[in-house]
Amino acid sequence: MSTTIAELSLSPAYRRAQRAVSAWLELGQTGARQLAFAARAALPGLDGFERGRLARWLAWLEVAAQSRGQMSPMDRIQRLDASLHQAVQDALARLPGNTPVVYVRNHRRSA
C-alpha cells in the first residue's frame with residue numbers, strides 16, 4: 001500500500017541532540033550547567049543537515065517565545081555554542097515573515 005504522506009525519520013544523533021537541548025532550555029537558568037554539558041556533547045554527533053534542522057527548530061522556538069512575550073533563548077544558545085547560535089540566526093532570517101522586503105520601483109517609458 002502506498003502512502004502520500006512523507007514519513008519523518010530522525011537519526012538517533014538528532015533525537016539525542018534535540019532532547020538534550022530541549023531539556024537544557026526547559027530547565028531554565030538554575031541547575032542548567034550539567035545539562036549544558038550533555039547538550040554540548042550531543043552537538044558534534046550531528047551532520048550538517050541535522051544541525052540545520054536543529055537550528056530551524058530553535059528558530060521556531062525563538063519565534064514562539066517572542067509571540068508569547070517570554071524570555072528569548074538566544075543568549076543561552078550563544079553561550080552553549082556560538083556556531084549553533086549563528087545557524088539559528090540564519091534560520092530566523094529565512095523564516096516566513098522575517099525576511100527583509102525589497103521594494104523595486106517600476107519605471108515605464110512613455111512611447
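Helix axes here are lines fitted to C-alpha atoms over the stretch in contact, with angles running from 0 to 180 degrees between N-to-C directions. Helices are DSSP runs (H or I, at least four residues), numbered from the N terminus. The model is predicted, so local features need pLDDT of at least 70, side-chain atom pairs count only at pLDDT 80 or more, and totals for chains, interfaces and linings use all residues. Residues are numbered from 1 along each chain as its sequence is written, and side-chain values use heavy atoms, leaving out hydrogens and water.

**Exercise 1.** Work out how α1 and α3 are arranged: roughly parallel or roughly perpendicular?

*Solution.* Start with the axes: α1 (residues 12–27) and α3 (residues 48–68) come within 10 Å and cross at roughly 30°. Angles under 35 degrees count as roughly parallel, and 65 to 115 as roughly perpendicular. The pair is therefore roughly parallel. Next, list who touches whom (heavy atoms within 4.5 Å): α1 brings Ala-13, Tyr-14, Gln-18, Val-21, Ser-22 and Leu-25, while α3 brings Glu-50, Arg-53, Leu-54, Trp-57, Leu-58 and Leu-61.

**Exercise 2.** Find which ring has Arg-53 over its face.

*Solution.* First, the test: NZ of Lys or CZ of Arg must be within 6 Å of the ring centre and within 35 degrees of the ring normal. Arg-53 sits over Tyr-14, at 5.5 Å from the ring centre. Arg-40 does likewise over Phe-37, at 6.0 Å.

Key. Helix = DSSP H or I, 4+ residues; strand = E, 2+ residues; numbered from the N terminus. Parallel < 35°, antiparallel > 145°, perpendicular 65-115°, else oblique.
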